[in-house]
Protein chains: 2
Amino acid sequence: MAPADLLTSDLPVVLLSHRGPVGFELDPRTGERVLDRGAGGLVTALSGLAGHLDEAVWVCVAAGGEDAVVAEEVGDAPVRLALDGAPRLLDDGDPAEREVAVRLVPIPPEVHEPFYGVVANPLLWFVQHRLHDLKSSPSIGRVERAAFEEGYVVANELAAEAVVQQVEKVGGQALVLLHDYHFYLVGQLVRDRCPDAVLSHFVHIPWPGPDAWRVLPPDMRERLLLGLLGCDVVAFHTRADARAFVLCAQELLGLPVDLSDMTVQVPGRRVHVRVYPISIDIEALEQVAHTDASDEHLVDLDERLAGGQLILRVDRTDPSKNIVRGFTAYDLLLTEHPELHGQVQFLALLQPSRQDVPEYAAYLAEIGAAAASVNARFGTGDWQPVDLRLASDMALATAAYRRCDVLVVNAVADGMNLVAKEAVVVNERDMVLALSEATGAHDELGRFAVTLHPFDVAQQADALHTALTMPPQLRRDRREHAALVVHHNDVRRWLSVQLADLTDLRAEKRTKGTLR
Amino acid sequence: MAPADLLTSDLPVVLLSHRGPVGFELDPRTGERVLDRGAGGLVTALSGLAGHLDEAVWVCVAAGGEDAVVAEEVGDAPVRLALDGAPRLLDDGDPAEREVAVRLVPIPPEVHEPFYGVVANPLLWFVQHRLHDLKSSPSIGRVERAAFEEGYVVANELAAEAVVQQVEKVGGQALVLLHDYHFYLVGQLVRDRCPDAVLSHFVHIPWPGPDAWRVLPPDMRERLLLGLLGCDVVAFHTRADARAFVLCAQELLGLPVDLSDMTVQVPGRRVHVRVYPISIDIEALEQVAHTDASDEHLVDLDERLAGGQLILRVDRTDPSKNIVRGFTAYDLLLTEHPELHGQVQFLALLQPSRQDVPEYAAYLAEIGAAAASVNARFGTGDWQPVDLRLASDMALATAAYRRCDVLVVNAVADGMNLVAKEAVVVNERDMVLALSEATGAHDELGRFAVTLHPFDVAQQADALHTALTMPPQLRRDRREHAALVVHHNDVRRWLSVQLADLTDLRAEKRTKGTLR
């Protein structure tokens, strides 16, 4: 067995995720093709994996624009992409210290739009974060049904075809690592054609219990579950998510399950349901957190705060992040604790998200209204209690991580929440983590945090007060312990443990003769 | 063991429910006190029980008005109430064929309002029917927390005190039958003081899985669960609800459970989780369905329909009933099947409900808008496709039951739904039952129904078409089988099986020496 901190696989690896490690765009000034590194925790994590493996192909979607042009140019062949330094395409002879082969799957806009814009987001995202207002939403009509059949199903078939081609190129034996809610049907499609591959599907967003899945019509929810159960392993960030998945297999499909060894029996084999909490690339984060730009933001924050306490949140403007209730709790805190006026500021760094989805546009408006309401009630010419900034700026975010006294994560549901992990690692003031019980991160870091109950603004206000007034030694101990946990289970470990487990599983299957 | 169809108990019975068998009011013209029989399936069912037992006391709430005046007059003593014929109070010597002793618990308005108007409805009702729009609701603040502590908890203590007094009057040995979501804390409170009583709590509304309960703060949800687990038996209408309760005990309280024998281990004893699907009083229904008033409505309906097909729904205007999506599905049906224009009518008999709750007032407005929209799109001077009537009229409802061709129940969540059971029993045209998979009734009647998926209006439109065009013989067979099921498991059986089981449980406890 490979040591758990070594990235290694004795089989070729094929990855699938919706977004890849790079996006192609045309520079509007020069008309030249430029490459942008993909953003987000998952892409960062997978880039770490792919760059360290000799034989890995990363299959991802080319949904239009310059991505589609590149996909058209290169056809079925993966492109070689350098991951050391700025991303760049490699020609045949070019050397690179770390590289990855990327296979772009062209998905026509008339397929991608219903796949992504109707089914994956918002339908599946909303089901899994339980964001529907069930008395009126969803209302699944002909449009939504067609979006599933002609969008989601077709996009999954296209992705599966590309994965199958890559697996067949290496003789049918590969580790296939499928990712997230865009591709729940791919597992079974690949198994049908590549019975010798070892298949894993990682679900990065919350997996709710059977009740929530009953919002989808029976045929849809059953096909999604059966697609996942086409894999050998279905993986989640938390035990609760994994357990909910097993209960879904039992209640919605009537399959025999074992809740102690966390397996689901399907005809002829058992599916293993596993837990691997994702983490961050600490080295890469430390680099970003100590650029000149970050240092300058830190000086600026220090000056403006003038010794006052900083409450921070860093989120996308997603309703699951619970931003409005966070401001309501802060309002209650300021109402009940006038001694804090002028002494504390709530910096909300929010990245606008999915503004083409009506619920998201409405939510951004509510966020603006809630922030303005707090400032109108308590603000003075010298002190605005909320500093709302709508942008994505990693230099500012890391400066704020370093400076904050309290980091607020009050999500109503969150698969993991990497912001919590990032902040405890780079913070320089022994911040208190105020962390929702509904985040995956709470499993690992809850012991060192002030727990927030996402629907209880009174409790959140009390918890913020506890955090702001916590004795320095206790803050220090907790922050240091939380950082140790993240250092121990960093993204490299997250990946290597999975590879080791899948390799073991493959050996076991060989012994039992269930593999050729 | 007592035969399952005999109402008998060797122990005195103490019942608790929020509403009792009768309400006291002042006649505004004469100023005299008048008695109104309580409405609703639960009250009907319990009246059936209480009237047949020699020693039964029914504890219920006097929340204000003339109920409170009567409660003040009689103090702790139960009043004797005749249940044969029109309800009337009995004096000491008065004979009556069937009577029940009613103990009114005065709950002051300043306790009852937060108990009932903030916590029980809407908070618990919304949690259990999953009606919250979680991105903004609930937002539990100081008001809601105080409503729990000073309303729900206090009302439960007052009710428990009255139950304890009645149990103590009969020497501490009694069957205590607690009912519904108003009184989740009473079980443990009564156990603490009456260890020899056999305690059962029946939950009449859906019991969702742990996810839904996590909407309540940990201390609230844990106290509610522990209150219920103070009983020997916790009972539900469906296996799914019972299973979800066991999973809640396991996941939210960390208690050992057994999902095969459906028990929860609490210190020193096991709690049994049981399933008893409630039913209707067929004799009483047949009487109401064949009054002159009902016959007249039937003649009127026949005339107006002139041979056309009648789709019917009978509901409170509760968002859980899914009335708007029902009209949306009907709109789609008429869009796709112009041959139905003028040939079908959708009669919606809706009883306005909880109009003091903003979500309910808004929902009534949406219902009106949706009905008007369908009529505006398809209606003519001769034919309005939707006939929306906002009233509670049992004579009209039963006439419509008799005449309808399709009964629609598309609830997003419903503990049982007795409308489905009523209609199949009195219908005279071999109606098709179109029944949501999310109702308790679907467990018993789903085999004989067209199943509706509550969130899928396209599926509902298709199912309505299937129902309207089903061959007559198949309709007849299914309706007759459904009626047989209801005749077999009528409300008398529902009650007698519970009494027999509780008597067995008591004998078992005696044998094991866990009772004195």
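In chain A, the helix α9 meets the helix α14 through I282(A), L285(A), E286(A) and A289(A) on one side and E422(A), V425(A) and V426(A) on the other, where two residues are said to be in contact if their C-beta atoms, placed from the backbone, lie within 7 Å. Helices here (H or I, at least four residues) and strands (E, at least two) are DSSP runs, numbered from the N terminus. The model is a predicted one, in which local features need pLDDT of at least 70 and side-chain atom pairs count only at pLDDT 80 or more, while totals for chains, interfaces and linings use all residues. Residues are numbered from 1 along each chain as its sequence is written, and chains are lettered from A and ligands numbered from 1 in the order in which they are written.

Two packed helices are described by the angle between their axes and the distance between the axes. For α9(A), residues 282–289, and α14(A), residues 418–426, the axes come within 11 Å and cross at roughly 65 degrees; such axes are lines fitted to C-alpha atoms, for helices over the stretch in contact, and the angles run from 0 to 180 degrees between N-to-C directions. The crossing of α9(A) and α14(A) is right-handed, a term used if the near helix is turned clockwise from the far one by less than a right angle, with left-handed used if it is turned anticlockwise. The contact of α9(A) with α14(A) has five nonpolar, no polar and two charged residues, where Ala, Val, Leu, Ile, Met, Phe, Trp, Tyr, Cys and Pro count as nonpolar, Asp, Glu, Lys and Arg as charged, and the others, Gly among them, as polar.

In chain B, α14(B) packs with the helix α17(B) at an angle of about 115 degrees, with their axes 8 Å apart, and the crossing is left-handed. On the side of α14(B) the contact is made by K421(B), V424(B) and V425(B), and on the side of α17(B) by R479(B), A482(B), A483(B) and V486(B). The helix α17(B), residues 472–488, also holds V485(B), which is partly exposed because it has 19 C-beta neighbours inside 10 Å; a residue is buried if 20 or more other C-beta atoms lie within 10 Å of its own, exposed if 12 or fewer, and partly exposed in between. Leaving aside neighbours within four places in sequence, V485(B) is in contact with E444(B) and L445(B).

Eleven of its 14 residues are buried, so α11(B) is largely enclosed by the rest of the structure. Among the elements of chain B against which these buried residues pack are the strands β14 (309–316) and β15 (344–351) and the helix α12 (358–378). The end C-alpha atoms of α11(B) are 20 Å apart, which agrees with the 20 Å that its residues should span at 1.5 Å a residue, the expected span being 1.5 Å times one less than the number of residues.

Some backbone details lie in the loops. In the loop between β14 and α11 of chain A, N322(A) has a phi near 70 degrees, a positive value in a residue other than glycine, and N322(A) is buried, with 30 other C-beta atoms within 10 Å. In chain B, R354(B) has a positive phi of about 45 degrees although it is not a glycine, and its place is in the loop between β15 and α12. The peptide bond from S137(A) to P138(A) is cis, with omega near 0 degrees, and P138(A) lies in the loop between α3 and α4 of chain A.

Finally, the two chains can be considered together. Their contact takes 35 residues from chain A and 35 residues from chain B, and the largest share of the side of chain A that touches chain B, four residues, comes from α11(A). Since 100% of the interface residues of chain A are also interface residues in chain B, the copies meet through the same surface. A rotation of 180 degrees with 0.0 Å of shift along its axis superposes chain A on chain B, with an RMSD of 0.0 Å, the copies being superposed by least squares on the C-alpha atoms of residues with pLDDT of at least 70 in both. That is the relation of a two-fold axis, and the C-alpha nearest the axis in chain A is that of D133(A), 2.1 Å from it.
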